Amino acid sequence: MADREEENAPLLQNEDNTSPQTQYAPLPQVDSSNLPAPLPGGPPPPILPDEQPPPYTPSPAGGVPMINCRVCQAMINIDGKLHQHVVKCNVCNEATPIKEAPAGKKYVRCPCNCLLICKATSQRIACPRANCKRIINLGPVTVATVRTSVGNRVSCGHCNNTFLFNTTISSLARCPHCRRVSSIGSKFAKNRCIAFAMIGMVFIVAGIGVTIGTFELAKSAGGIYFVWIGAYIVGILNLIRSCYYGTMKVSQIEGPA
């Protein structure tokens with residue numbers, strides 16, 4: 001019990017001291033107008049006895065992550081929104097990106113301050129706002145890079161987008177934008193069309209000749225029917241392949257990479 005009372009007792013007590021107290025002379029009054037001006041970049045002047053301390057102004061952010069609105073420059077609190085790509089300003093109600101656009105996308109700011117997101121290869125987009133409906137021209141499309149050491153710039157015959165392709169390896173290219181196959185130049189597709197057409201016609205004519213020549217023999221040897229069917233199937237498949245190359249879209253080479 002005694003220990004607890006000693007702990008709760010104040011550190012300074014009003015005890016009667018019999019020792020005489022030393023008397024000190026009063027401090028002189030200081031005139032603040034006679035003090036020299038503080039040096040630039042030096043420490044601030046001391047607080048005088050007759051002055052009040054400067055008021056404390058807490059930081060407006062208070063440790064909370066903030067960004068400036070891209071439209072009205074107001075501060076936007078993004079605490080708890082770091083997983084989002086864009087945030088909305090409470091002052092102008094417009095969106096401001098806080099992250100890079102997703103892969104294959106890009107941000108576009110309409111003159112009406114509407115933030116749009118579109119494909120990275122888009123050339124023209126329309127503002128969705130009812131009071132705007134403006135058509136925005138984004139200019140030429142950036143060249144998409146294909147993982148090839150050397151190549152040429154090729155304009156896709158399907159979507160008209162430009163990409164890089166090594167024409168020394170193959171003349172059939174798959175566009176990285178629309179994922180469709182096209183022929184690099186019309187010569188390759190034309191030659192393939194003629195070649196498959198000739199092979200198909202050869203097998204069809206051969207099948208007809210074998211059918212006529214072995215018609216009587218097939219009555220006693222049933223295996224000859226399989227020869228006829230095989231010749232006709234191979235011929236038809238080659239003709240179908242010929243039609244595929246004949247109707248294939250052609251991509252044009254624009255120049256070296």
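What follows is a set of questions and answers on this predicted model.

Biologist: What average pLDDT does the protein chain have?
Modeller: The model is predicted, so confidence comes first. Of the residues, 71% score at least 70. The chain average is a pLDDT of 75.

Biologist: Which stretch with pLDDT under 50 has zero contacts beyond four places in sequence?
Modeller: Residues 143–149 stay under 50 in pLDDT, but the model gives them twelve contacts beyond four places in sequence. Where pLDDT is low, the predicted coordinates should not be read in detail. The stretch with zero such contacts, also under 50, is residues 6–19.

Biologist: How many strands does the secondary structure of the protein chain hold?
Modeller: Both helices and strands are present. The helix count is three. The strand count is 13.

Biologist: What share of the residues in the protein chain is buried?
Modeller: The chain has 257 residues. Buried here means under 20% relative accessible area. The buried share is 22%.

Biologist: Among contacts with a separation of 6 or more, what share joins residues 24 or more positions apart?
Modeller: A contact needs heavy atoms within 4.5 Å. Take the contacts in the protein chain with a separation of 6 or more. Residues 24 or more positions apart account for 31%.

Biologist: What volume does the largest pocket have, and which residues are closest to its centre?
Modeller: The volume is about 190 Å³. Ten residues line this pocket. The closest to its centre are K119, T121, N161, H177 and C178.

Biologist: How many charged residues are in the lining of the largest pocket?
Modeller: Sort the lining by class. Four residues are nonpolar and five are polar. The charged count is one.

Biologist: The structure holds four aromatic pairs. Why is the pair of F188 and Y245 classed as it is?
Modeller: The ring centres are 6.3 Å apart, and a pair needs centres within 6.5 Å. The planes meet at 80°, and over 60 degrees sets the class. The pair is therefore edge-to-face.

Biologist: How many residues apart in sequence are the parts that F188 and Y245 tie together?
Modeller: F188 lies in helix α2, residues 186–213.

Biologist: Which residues form one aromatic cluster?
Modeller: Y245 is one of them. Its relative accessible area is 4%, so Y245 is buried. The cluster consists of F188, F196, Y244 and Y245.

Biologist: In the pair of Y225 and W228, which residue is buried?
Modeller: These rings are edge-to-face, 5.1 Å centre to centre with 80° between the planes. Both residues lie in helix α3, three residues apart, about one turn of the helix. Y225 has 37% relative accessibility, so Y225 counts as partly exposed. At 10% relative accessible area, the buried residue is W228.

Biologist: Is K133 buried or exposed?
Modeller: K133 is found in the loop between β7 (124–126) and β8 (135–137). Its phi is near 55°, a positive value in a residue other than glycine. Its relative accessible area is 53%, and the cut-off is over 50%, so K133 is exposed.

Biologist: What is the phi of N160 near?
Modeller: N160 lies in the loop between β9 (152–155) and β10 (162–165). At 55% relative accessibility, N160 counts as exposed. Its phi is positive, in a residue other than glycine, and is near 65°.

Biologist: Which residues does S155 contact, leaving aside neighbours within four places in sequence?
Modeller: S155 sits in strand β9. S155 is buried, because its relative accessible area is 17%. Its contacts are N160, N161, S251, Q252 and E254.

Biologist: How far apart in space are R153 and F163, C-alpha to C-alpha?
Modeller: R153 is in strand β9. In sequence, R153 and F163 are ten residues apart. In space, their C-alpha atoms are separated by 5.7 Å.

Biologist: Which residues does N113 touch, not counting those up to four places away in sequence?
Modeller: N113 is in the loop between β5 (105–109) and β6 (115–119). At 31% relative accessibility, N113 counts as partly exposed. The residues touched are V71, E94 and R129.

Notes:
Residues are numbered from 1 along each chain as its sequence is written. This is a predicted model: local features need pLDDT of at least 70, side-chain atom pairs count only at pLDDT 80 or more; totals for chains, interfaces and linings use all residues. Side-chain values use heavy atoms; hydrogens and water are left out. pLDDT is the predictor's confidence in each residue, from 0 to 100. On a 1 Å grid over the protein atoms alone, a cavity is a set of points where a 1.4 Å probe fits but cannot get out, and a pocket is an open set with protein on both sides within 12 Å along at least five of seven lines; lining residues have an atom within 4 Å of a point. Grid points are joined across faces, edges and corners, and a volume is the space filled by probe spheres set on the points. Ala, Val, Leu, Ile, Met, Phe, Trp, Tyr, Cys and Pro count as nonpolar, Asp, Glu, Lys and Arg as charged, and the others, Gly among them, as polar. Rings of Phe, Tyr and Trp (its six-membered ring) pair if their centres lie within 6.5 Å; planes under 30 degrees apart count as stacked, over 60 as edge-to-face and the rest as tilted. Helices (H or I, at least four residues) and strands (E, at least two) are DSSP runs, numbered from the N terminus. Buried means under 20% relative accessible area, exposed over 50%, partly exposed in between (1.4 Å probe, protein chains only).
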